[in-house]
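Hi,

Here is the structure I promised to pass on to you. Please open it next to this email and follow along as you read.

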Amino acid sequence: MITSCKNINITDSETVLPWVIDCIMRHKKRHDFRQLLVRVGKLPERLYYAGLESGDYTAWQPAIRKVAEEAAQRIATRDLRLRPVRIRERVDRSSGKTRQIGDEEAMQQVFDHIAVGAAGPIWRRRFVPQQASSLRGRGPVYGSNIIRGWIQQDNRAARWAYAHKRKYSRKCRYFAKLDVRKCYPSLRTAVFLRYFRRDCGNANLLWLWETLLESHKAEGNEGFMIGALISQFACQYLLSFAYRYVMDLHKSRRGKRHKLVTHALFYMDDQLLFSASRRDLKSAVRQLIRFERDELGLTIKSTWGIQDMGNHPADMMGFRHYANRRATIRPRIFRRARRVALHVLRRQRLTLGQARRLCAYKGYFKRTDSRRIIKALRLRKLFTQAAATISRHDKEAKNGNSIVQPTAGGHPVHAPA
């Protein structure tokens, strides 16, 4: 069996340094990472704040290198010396759900980045292009483009068959959307390690993953911890086996193999399956549910159902996809975006918080058939104004003290007429 990561030495500080840099620069403004650089890296606080204000982090390099040396030394001695993880309850603003979020110390998050970075060859082997999450550049827009491409290809084939009087079964005629119930809390370390040991040939990396995942078992939590980087990648790694399983399902008719599922897209724990036959799709869904329950320990919510693409749009990742390749925004997201735009137009001023929200919604309007609403709400000018507001704030923060002592009000500007 082929194993990966054999020659990656995570006990060497030079090897782990790029992943340590990525972690610290991603969270550099947080107070716990400031303390990490000051206490472990011996960085004077004045140099820390000077780096934030100027954007020049050259003076941080010796401190970051010391953090990398400390992390490599702890891995070499197999003693991470981490404080117990704290679990906090937080309410998700978008869905209203109460979630158990893990609170890791800064050093543990450094180890998370090392574990994920060192396992990069495994992710490249196991993650499939149809998993629209975890890896950089794979977000909702990435997944939406994949779905629209499938539908467009299907429509072209159907038109060609009709023009040439050939029989053709639409590959995207029926779809089913599956959702995992409490995905992270349901996953178990033993299940992940059973698969991970087959792919990883590095003893130190295996020990690091096992130790970090065991630390998630705090305050009664038995599964993966929400909010941890390794939970995200471990979950996607396991779901990649579910994707391969469902795409390999087939039936035999007259000596030929016919796939039960023509296309599948996984976005975190949301799974969208397409098929040309309702019966085949129903059979594939039932087999997939059994596989995820018996092999991965996951339970699919009973709310799944099979829909005809011609009658119901496929709602996935905030987009709604129709059989004619049109795409619109999910109504809940659209209402929120419209509310922000109308508020700005009514008040004739744009705060920093509103600018950031508008930029977050920009991709939904840009990648859907929303020309009329863009014109009605003057969104092109609003998006331009929002980008300018954020850019001006970042420049002022770089030249002043706004990063160290941020203001809550933002910078009001005139909305476009």
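Of the 417 residues in the chain, buried residues make up 47%. Here, buried means under 20% relative accessible area, exposed means over 50%, and partly exposed is in between (1.4 Å probe, protein chains only). Please keep in mind that this is a predicted model, where local features need pLDDT of at least 70 and side-chain atom pairs count only at pLDDT 80 or more, while totals for chains, interfaces and linings use all residues. Residues are numbered from 1 along each chain as its sequence is written, and side-chain values use heavy atoms, with hydrogens and water left out.

Now the overall layout. The chain has 16 helices and eleven strands; these are DSSP runs, numbered from the N terminus, with helices being H or I of at least four residues and strands E of at least two. Along the principal axes, the C-alpha atoms fill a box of roughly 75 × 65 × 40 Å.

Next, the salt bridges. A salt bridge is a side-chain nitrogen of Lys or Arg within 4 Å of a carboxyl oxygen of Asp or Glu, and by this rule the count comes to 16.

- Glu45 pairs with Arg34, with the closest N and O atoms 3.3 Å apart. Glu45 lies in helix H3 (residues 45–54) and Arg34 in helix H2 (residues 31–39), so the pair ties together parts that are eleven residues apart in sequence. Glu45 is partly exposed at 38% relative accessibility, whereas Arg34 is buried at 16%.
- Arg74 and Glu70 meet at 2.9 Å, N to O. Both lie in helix H4 (residues 61–77), four residues apart, which is about one turn of the helix. Arg74 is buried, with a relative accessible area of 10%, and Glu70 is partly exposed at 21%. Together with Arg81, Glu70 and Arg74 are linked in a network of salt bridges.
- Arg148 and Asp369 meet at 3.6 Å, N to O. This pair links distant parts of the chain, 221 residues apart: Arg148 is in helix H7 (residues 140–163), and Asp369 is in the loop between helix H14 (352–366) and helix H15 (371–376). Arg148 is buried at 11% relative accessibility, while Asp369 is partly exposed at 30%.

Which residues form the positive surface patch? They are Lys97, Arg332, Arg335, Arg338, Arg339 and Arg357. Helix H13 (residues 331–347) gives the most to the patch, with four residues. Patch members have over 30% relative accessible area and no salt bridge, and like charges are joined within 9 Å.

Finally, find Phe127 in the loop between helix H6 (120–126) and H7. Is Phe127 buried or exposed? At 7% relative accessibility, Phe127 counts as buried. Phe127 and Ser54 are 73 residues apart in sequence and 39 Å apart in space, C-alpha to C-alpha.

Enjoy exploring!

Notes: Patch = residues over 30% accessible without salt bridge, like charges linked within 9 Å, V, L, I, M, F, W, Y side chains within 5 Å. Areas by Shrake-Rupley, 256 points an atom, 1.4 Å probe, with all protein chains shown as cover. Lys, Arg positive; Asp, Glu negative; His and termini not counted. Charge placed at Lys NZ, Arg CZ, Asp CG, Glu CD.
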